Amino acid sequence: MISEVAGQYNAKEVEGKVRKFWDDNGIYIKTRTMRSGGRKFFFVDGPPYTTGRIHLGTAWNKIIKDSILRFKSMNDFVIKDRAGWDMHGLPIEVKVEEHLGFKSKKDIETYGVDRFIDKCKEFALSQKDQMTEQFRTLGAWLNWEDPYMTLKDEYLEAAWWTLKRANERNLLERGFRVVNWCPRCETAIADAEVEYWEETDPSIYVKFPVVGQENTFMMIWTTTPWTIPANVGVAVHPQFEYSRVRAWKDDPEKAEILIIATPLVESVLREGRYRDYEILDRFGGTELEGLRYEHPLVDLIPAQRDIAHKIYLADFVTAENTGSVHIAPGHGLEDFELGVAEDMPIFCPVGEDGRYTAEAGEKYVGKYVRSANEEVNSDLAERGLLLAEGDLVHRYGHCWRCKTPIIYIATPQWFLKISDLRNDMLEEIARVKWYPDWAGSARFRDWISGARDWCISRQRYWGIPLPIWICGKCGEMEVIGSMEELNARSGTVVEELHRPAVDLVTLKCPCGGEMRRVPDVFDVWFDSAVASWATLNYPRDQEQIKEWWPADFITEGHDQTRGWFYSQLGASMVSFGVAPYKSVLMHGFTLDDKGKKMSKSIGNVVSPEEVVSKFGADTLRFYVLSSNAPWEDIHFSWEEMANTNRMLNILWNAYRFPLPYMILDRFDPTRTTMEKCLENLRPEDRWILSRANTLAAEIQAGMDSYQLHRATRALADFVLEDLSRWYIQLVRPRTWIETDDPDKLAAYATIYEVMVTLAKLLAPFAPFTAETIYQNLVRSTDSNAPESVHLCDWHRPRDDFIDEALEKEMDLVRVVVEAVSNARQKGGRKLRWPVSDVVISPSKEIPDLEDLLGVLKSQTNCKRVTVMNVGEKPPMEIAINPVPKKIGPVFKGEAQKVIEVLKEADSAMVRAGISAGDCVVGGYAISPDMVEFLEKIPENLVAAEFPSGWVYVDVTLTEELKAEGYAREIIRRVQDMRKELDLRVEEKIEASIRVEDEKVLKLVATMKEHIASEVRAKHLDMGPTLDIISWLENLEGSLVKDWSVEDVSMTIGISRGQ
RNA sequence: GGGCCCGUAGCUUAGCAUGGUUGGAGCGCACGGCUGAUAACCGUGAGGUCACGCGUUCGAAUCGCGUCGGGCCCA
């Protein structure tokens, strides 16, 4: 049996019950197993990093995924949906270090790498568990029982296998490169891990003495004085013009000769506070090539003595500062590239801890570079080589985890030669379907076009160890692809593949030497890069990949363009030579209501838990899905969240409204089926059925193009506009019919059909609410029905129910009803009071309203509706408007009188006279130009416009209409009192009504039976005195109230029938 | 500094690829109405430099260029 539902929508209660129902009955597993014969849909979850707390963006991400997967499942797809967790890397190391109070890598070594790794693992696993709970609260259905985890041995093997493939394909390379380096974490960090913000740094102009030209200097500028000790060259632009300038301060005799880009001469000299100057000569940058200079601190840094310092040409030089760039190939990316191309020595006298090494000379050794800036500056100044010194605020990179300013140093690292694959990648992504299109065709394309080799090594602990072993004797290298291979090759058995266990494994080199693993671990981005095959347990499991790979669909935020979309593509190109996904939906970010990014420091962060506790998961889900196109950023708004909640509440009210009547009438949907009621459907029933099926088609279309906002907005519109605002209003009187009327049953069957359909359409988006409705309406009446709405098939639009013409007609009815309501308001006639006539006067062709005249009449509360032909109007009154300008000159002094007379005259007669050419009014001969005739709407009519015409409402009250009006006023008040007494819908009452006004009493008396039946009164008495009520006063369960109805006072008394 | 995206009422937004009669909604506000969905529901009204500027065009929210603001990414 269907149960009655009391009270407003209570998300907490609904969701709690549903979650328990799902858990107790294993509904999720059933959805995934029941479709085993269906088409395959391989979804790869972009693994969130195990931070312990989800935020609104990750919530949105999983909600999108869940809605799509639920939809796909209902459409008979068998789905692969392992949830994923990204669990390695520096963020967790840093957290554990903080927890243990560590300051540097040495602390870790002292503590013990094995213990440290255990802590990291423990930490990651507990964070994962916490987050799983949070995602589950949202109703996100992924395979949480068996997620892929980047810290599992089988996962590590997927990464190992991939690297082995890279090596086989000659795409793995060891190289000395300049990398972003965190001197605290003592590791290379990826470009993506560099966070930029403003930092104040020194800004210095330095004079490099030119060899063999006395008192002549190359001018350079830098914000990193600490890199000067590593300087080996200067770059100038081949197309710029440079000047040799003779400049002096006080004494022209003590002038110096400086080489500066011509347009920058004045600004540089201003920096150096020179008083005057003369230009000696000008020349192109190419003429400077090869010019030699002396390192400014050569006396302090012995290693610099053996380096030949020269001028080089480079296109990256900009016309800023001095127009010449100081080149330290050990400390800059461009510097390094130029250095390699020009065969400069790659001099990097800075260690991994960010301190100068012995190569920097006795004075600097052991000093932390960023703190050495001042010392370098003063050393330059002492030698008279510091032209100017100041401060500059600019954006500088920092380690994303520990916030330490990064430095660039040249170190040996391992690289994947992605740049070799650039063109193949471009070809592959063109084959991928992108939503929106520009995510692939513009954004991702641009990114790949600039693809550089990928530095995959990190000098850390908590990560996938690089499976590279190198012979200490001959330098031979070997890449191991799996645990099994390692055991076989080494003759030992490793317990797990993490450090430090794997570090202890040595291999025998064919040369007889011992091979040891390189100490590095993988860049954590490499972990998730192999997710699409690691989630299938490849290479351990050789079967699944054949069945499923590549992924049918992935979706992540737009930051993943250069992140996971890219890393996966790169790894897949290396391994398989094709893209690992067929379609990608790029979604946006969740920003605050002003469009600013949510951040702890601004204090504008909204957490998913907060939203769920206020409004529930379904509201959050529906909100994030409907508020924007998925690829746009959400400007989070509490107001809109409340609005979405309101929509669900209205849906809830619409759902529960008919239940008491259905229960009362023992409505059984398995017996009174839709098909049996077809003949008794009213046009409005056919209309709502048509709308529901049109809606199903709209949602389908939205989902097919991943326009989740279109799907959900169509749903909300249907609920608010069609169902609540319209159909429920139309159907109400029918639920009040007492007998077993086929018309009532047709209404029940229709509501039932619509609500069940709606539950299915809602299931992917608001799964809890949909389930609740479904359980009550379907499962409680039909034990053969699928156990859960999520086990149902998607509702295919029924063509036999869709009637476009009828939908158009109803659209018209609704705008006409609106217009009538507008007219009533103008005419001061409220809806309870019937009107005799509504006239529709279209200004263009409109649909035939024949079918829906009944609806129109009931909703406008009128007795008769007349539809006129296009352009036709009800007869208008004609008003005369005298034209003084014409009357004056003819009648002079009598003009005023003529005007008066005309105003009083019968307009029809005047008009007849004018058209007959002989018009005399009050003795005055009136010519046609003296009067204008204006159309005037008759007093009894009120007009209002609708988009294709006008409606005219006759608001004249007759005795019959008044009687009906008063009757409705009384009925409404009695109903109000029934409610106050908390009577059940079907309970009978005794009622007495005292109406003092004799005239009104007479009118109302004519409606006595009607009133009695509407309020379910066994007896109804009416009269002018209080006697009629008094017997009720002391009766138990009675209520007596005074009312004023349109200024007529009444007393109404009711009591429970005996 | 570069690439991509976004900027429409107080708030959230439709319309923009195929330019064309007064730019639609919802929330909020004011007024009114309905009511056995009742702490719900409906109507009317006020509220818009379509971020700004220039251009293309008979005509621009819509197309182009530039500026400003926001987001992601890069330097």
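Start by selecting strand S30, residues 835-842, together with S31: the two pair in the parallel sense over five bridges. Keep in mind that you're looking at a predicted model. Zoom in on aspartate 837, and you'll find its bridge partner in S31, arginine 864.

Now widen the selection to the whole sheet. Four strands make up an open sheet in the order S31-S30-S37-S36, with mixed pairing. S31 (862-867) and S36 (941-946) are the edge strands; each has a single partner strand, so one side of each is left without a neighbour in the sheet. On average, neighbouring strands here are turned by 20° against each other, direction ignored.

Time for side chains. Pick isoleucine 840 and show what is around it: leaving out residues up to four places away in sequence, it touches Val816, Ile846, Leu849, Leu856, Val865, Thr866, Val867, Met868, Phe946, Trp950 and Val951. Which residues have the most contacts inside the largest nonpolar core? They are Leu777 and Ile840, in a core of 159 residues. For a second, separate core, jump to Val78, Ala451, Leu507 and Phe522, which are among its 72 residues. In soluble globular proteins, nonpolar side chains tend to be buried together.

Key. Residues are numbered from 1 along each chain as its sequence is written. Chains are lettered from A and ligands numbered from 1 in the order in which they are written. This is a predicted model: local features need pLDDT of at least 70, side-chain atom pairs count only at pLDDT 80 or more; totals for chains, interfaces and linings use all residues. Side-chain values use heavy atoms; hydrogens and water are left out. A nonpolar core is a set of buried Ala, Val, Leu, Ile, Met, Phe, Trp, Tyr and Cys residues joined through side-chain atoms within 4.5 Å. Buried means under 20% relative accessible area, exposed over 50%, partly exposed in between (1.4 Å probe, protein chains only). Contact means heavy atoms within 4.5 Å. Two strands pair if DSSP finds at least two bridges between them. Axes are lines fitted to C-alpha atoms, for helices over the stretch in contact, and angles run from 0 to 180 degrees between N-to-C directions.
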